[in-house]
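Good morning, colleagues. Please look at the sequence and the structure now on the screen, and keep both in view as I speak.

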Amino acid sequence: MRNRTLWSKYVFLSVATVFMWVKTYIVYRTGFDLKIENAMQSFILLINPLSFFLLVFGFALFMKQRIRDIYIIVVSTLGTILLISNMSFYSFYNDFLTIPVLFQSSNMGDLDSSIQEIVKPSYFLMFVDILILIWLSRKNRHKDYGAVTVKERRSYFLVVCVVFIFNVGLAEIQRPQFLTRSFDREILVKNIGIFNFHIYDGIVQSATSAQRALADSDELVEIQNYVNANEKEPSEEMFGIAKDRNVIFVSLESTQSFVLNETLNDKGITPFLNDFVNESYYFENFYHQTEQGKTSDSEFIVANSLYPLGRGSVFFTNSENEYNATPEILKDYGYYSATFHANNATFWNRDIVYDSFEVDTFFDIESYDITPENSFGWGLKDKEFFEQTVDLMKTLPQPFYSYSITLTNHFPFELEEEDKLIDEYDSNSEIFNRYLQTVRYQDEALKRFIEKLKEENLYENSIIVLMGDHYGISENHNEALAQFLGKDEITPYDTIQLQRVPFVIHIPGLTDQHPKLISDISGQIDVKPTLLHLLGVDTTDRIQFGQDLFSPERTPFAVLRNGSFITQDYISVSTLCYDRESGEEIEREGTCDVYEDMAHDELSFSDKIIYGDLLRFYNKEEESVEE
């Protein structure tokens, strides 16, 4: 009888725990694309939600019975909402929510079409268990199971601790130092679970928020020594080859390299860009290195040669830091700087960040003539954007440094019928099918842009740089990608290779006569030093993690924000190592592990600079030298 009475105190809690445990595991398997490499990982994934729900539901044992039921129902509801939020976010970004991402809620007003695309009505079936819990609570509301004793609570929470320690112990065996050396949120979710990950994220957020207050100039010394040790001499032939030219930099929204030189129904997807590449320096193994900030991350990397943060966007979390961005540096060389983007100035906090970068003028949505006829989806169409941008460029003092950000090729990749220049692809992914059409439209808009630069005499005395800002097609569309690329499946190796984005440097009068296809591994982190050296700007002793792509001493190397990295010979992703040329999986020892510390140091040092606002100390040193 006593055992039955004891069980009755826990039955509602146990049912709620099982519901949330099973529901979370189903989400793991159907809502996320978690790569399970062995049986141990599969088992850890199964048990990792348990400790969290045993813990949070366990607090109900300190409450009276009626309040206890209400508390468990509320927690179950909140947990379900968090699961749905992560599923919705993951369905496009292939990532999990973090606290800094929530700081970006001001962006939501511009994301209506994107949100409608990723939130599915079927998600609301996940509330069925909540309705069952409400029914059970009402059914048993007059029964009195008695208070939970202190001894019973102690025994309960001892079980919780054992389950959690068992989970973490297995995870540590599977992935040593996974809490301290991992930059990959998927690894954390696979090992400690989505809910424990959010607790971990909160702890990290608290720790990073305190870093600026505790930082001092001594922390910059170690980083400066690391940067100086890895600094490479620029190419004598290329240094200053574009001196005093205007810089016309175009950020191509969501453009990946796999679309180049491809056709659909015998029609080229990027016919103009294909030709332009053949008259330029083209880097075919150039990787985007963005994370949760996407386009804003791309801007940040290019301007500063620092890595983006692993959580959220620097544009929101550290917008008022001291930086030493390209626009600021070029002021000393007589350059005027401007950014062109037909969106709200506050989107991605750009109005504040550009002040930190010392951008002279931001031509935002207010600078453009936008009508229902020339806009669609996210706003001003690319053709009209480029037309009006050139007109605005003509007003700038020369030489100028300009940075233009396109819009049309943005998720969910929608076009009006009149702008569809190729037919839709026939995969099972409507997103992927539409993507190829918006890429084609963007290519045509880019063609018109170059033509108008020539018409307005802005072409010959400029250096034109084109760069894809981040991926457009996530891993959720791998089946369609595999079909398009003629592969049986998309492997982790293929996923890394798909992070390549176009990077083109076009110098009229030079590259059209002597174009080059450059195969060395490179990334967005390398853009700043490369561009500055082409303009004849010395970057000696500057804090930057990229290297001049034309330097004969450069080590081909690119680190992605999640800790994956690419060398000339190897690709490292999670615990796997691949031969870069063949794509065959190989042992890590003596191959990928040789570069592991370098990848970790680059990301860690960059994070310290941003979280600690360390460049305020560097900039003070520069000011004292000038005085």
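Leaving aside its neighbours within four places in sequence, with which residues is isoleucine 72 in contact? Before I answer, a word on the source: this is a predicted model, in which local features need pLDDT of at least 70 and side-chain atom pairs count only at pLDDT 80 or more, while totals for chains, interfaces and linings use all residues. Residues are numbered from 1 along each chain as its sequence is written, and side-chain values use heavy atoms, with hydrogens and water left out.

The contacts of isoleucine 72, beyond those neighbours, are Phe12, Leu13, Ala16, Phe57 and Ala60; contact means heavy atoms within 4.5 Å. Isoleucine 72 belongs to helix α3, residues 65-93. Helices (H or I, at least four residues) and strands (E, at least two) are DSSP runs, numbered from the N terminus. The relative accessible area of isoleucine 72 is 0%, so this residue is buried. The term buried stands for under 20% relative accessible area, exposed for over 50%, and partly exposed for what lies in between, with a 1.4 Å probe and protein chains only. From isoleucine 72 to asparagine 476 there are 404 residues in sequence and 33 Å in space, C-alpha to C-alpha.

I turn to a pair of helices. The axes of α2 (residues 39-58) and α9 (residues 194-214) come within 7 Å and cross at roughly 65°. Axes are lines fitted to C-alpha atoms, for helices over the stretch in contact, and angles run from 0 to 180 degrees between N-to-C directions. On the α2 side the contact is made by Asn48, Ser51, Phe52 and Phe53, and on the α9 side by Phe195, Asn196 and Ile199. Four of these residues are nonpolar, three are polar and none is charged. Here Ala, Val, Leu, Ile, Met, Phe, Trp, Tyr, Cys and Pro count as nonpolar, Asp, Glu, Lys and Arg as charged, and the others, Gly among them, as polar.

Next, the sheets. Strands of a sheet pair through backbone hydrogen bonds, either parallel or antiparallel. In this analysis two strands pair if DSSP finds at least two bridges between them.

An open sheet of eight strands runs in the order β7-β6-β10-β1-β11-β12-β4-β13, with mixed pairing. At its edges are β7 (361-363) and β13 (516-518), each pairing on one side only. From one strand to the next, the twist averages 15°. Within this sheet, β11 (residues 462-468) and β12 (residues 503-506) are antiparallel and share four bridges, and methionine 467 has phenylalanine 503 in β12 as its bridge partner. Helix α20 (residues 527-534) lies across β1 (246-252), β10, β11 and β12, at about 170° to β11.

A further open sheet has five strands in the order β15-β16-β17-β18-β19, with antiparallel pairing. Why is one side of β15 and of β19 left without a neighbour in the sheet? Both β15 (557-559) and β19 (585-586) stand at the edges, each with a single partner strand, so one side of each has no neighbour there.

Four bridges link β17 (residues 570-573) with β18, and isoleucine 571 stands opposite tyrosine 578. The hairpin of these strands has two residues between them, and serine 574 takes a positive phi near 55°. Between β18 (residues 576-579) and β19 there are two bridges: tyrosine 578 partners glutamate 585, and cysteine 577 partners isoleucine 586. Five residues separate β18 and β19 in their hairpin, where glycine 583 in the turn has a positive phi of about 80°. Helix α21 (residues 596-612) lies across β15 and β16 (565-567), at about 55° to β15.

Finally, the cavities. The whole structure holds five cavities of 30 Å³ or more. A cavity is a set of points, on a 1 Å grid over the protein atoms alone, where a 1.4 Å probe fits but cannot get out; lining residues have an atom within 4 Å of a point. Grid points are joined across faces, edges and corners, and a volume is the space filled by probe spheres set on the points.

The largest cavity has a volume of about 120 Å³, and its lining includes Glu299, Tyr354 and Tyr401. That lining comprises nine nonpolar, two polar and one charged residues. The second largest cavity holds about 100 Å³. Among its 14 lining residues, Asp526, Phe545, Gln547, Phe557 and Glu602 are the closest to its centre. Strand β15 gives the largest share of this lining, three residues.

Notes: 1 Å grid on protein atoms, 1.4 Å probe; cavity = no way out; pocket = protein on both sides within 12 Å on 5 of 7 lines; lining within 4 Å.
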